[in-house]
Amino acid sequence: MPLGPFSYLWLGANALLAFIWARRIARLSLPASYSGLLVAAVSAVTAVSYGWLNEEAISAVIVTMAIFLLSYAGPFLMSRRQPKKDRQIRLDG
């Protein structure tokens, strides 16, 4: 069943979830020093091979890398968030 204009949204969501799950699986199964490097390297190879070789467009490489970087937005924002108790202690201390 064709999705029409929603197919780009569907593909983007699938790619985003794939990058998130790849990072989680790598983090759980590999040492921390290797997991980040491995996911970044495989993601770069995926972006180039899909975008350049399959789609023959640099824009597809850029979009794939943007989705990869977007997959880090959640963990980045969560790491910057502090519990309210810690904030209160820092203000009092």
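This report describes how helix α3 packs against helices α2 and α1 in a predicted model.

## Helix α2 against helix α3

Helix α2 covers residues 32-54 and helix α3 covers residues 58-70. Their axes come within 7 Å and cross at roughly 150 degrees. Angles over 145 degrees count as roughly antiparallel, so α2 is roughly antiparallel to α3. The crossing in which α2 passes α3 is right-handed.

On the α2 side, the contact is formed by V39, A40, S43, A44, A47, V48, Y50, G51 and W52. On the α3 side, I58, A60, V61, T64, M65 and F68 take part. Sorted by class, the contact of α2 with α3 holds twelve nonpolar residues and three polar ones, with no charged residues.

## Helix α1 against helix α3

Helix α1 spans residues 6-29. Its axis and that of α3 lie 9 Å apart, and the two helices pack at an angle of about 50 degrees. This angle makes α1 oblique to α3. The crossing of α1 and α3 is right-handed.

The residues of α1 in this contact are G12, A15, L16 and F19. Those of α3 are T64, I67, F68 and L70. The contact of α1 with α3 has six nonpolar and two polar residues, and no charged ones.

## Residues of α3 in each contact

T64 and F68 of α3 are part of the contact with α2, and T64 and F68 also belong to the contact with α1. I58, A60, V61 and M65 are among the α3 residues in the contact with α2, while I67 and L70 are among those in the contact with α1.

Technical notes
Residues are numbered from 1 along each chain as its sequence is written. This is a predicted model: local features need pLDDT of at least 70, side-chain atom pairs count only at pLDDT 80 or more; totals for chains, interfaces and linings use all residues. Side-chain values use heavy atoms; hydrogens and water are left out. Axes are lines fitted to C-alpha atoms, for helices over the stretch in contact, and angles run from 0 to 180 degrees between N-to-C directions. Helices (H or I, at least four residues) and strands (E, at least two) are DSSP runs, numbered from the N terminus. Angles under 35 degrees count as roughly parallel, over 145 as roughly antiparallel, 65 to 115 as roughly perpendicular and the rest as oblique. A crossing is left-handed if the near helix is turned anticlockwise from the far one by less than a right angle, and right-handed if clockwise. Contact means heavy atoms within 4.5 Å. Ala, Val, Leu, Ile, Met, Phe, Trp, Tyr, Cys and Pro count as nonpolar, Asp, Glu, Lys and Arg as charged, and the others, Gly among them, as polar.
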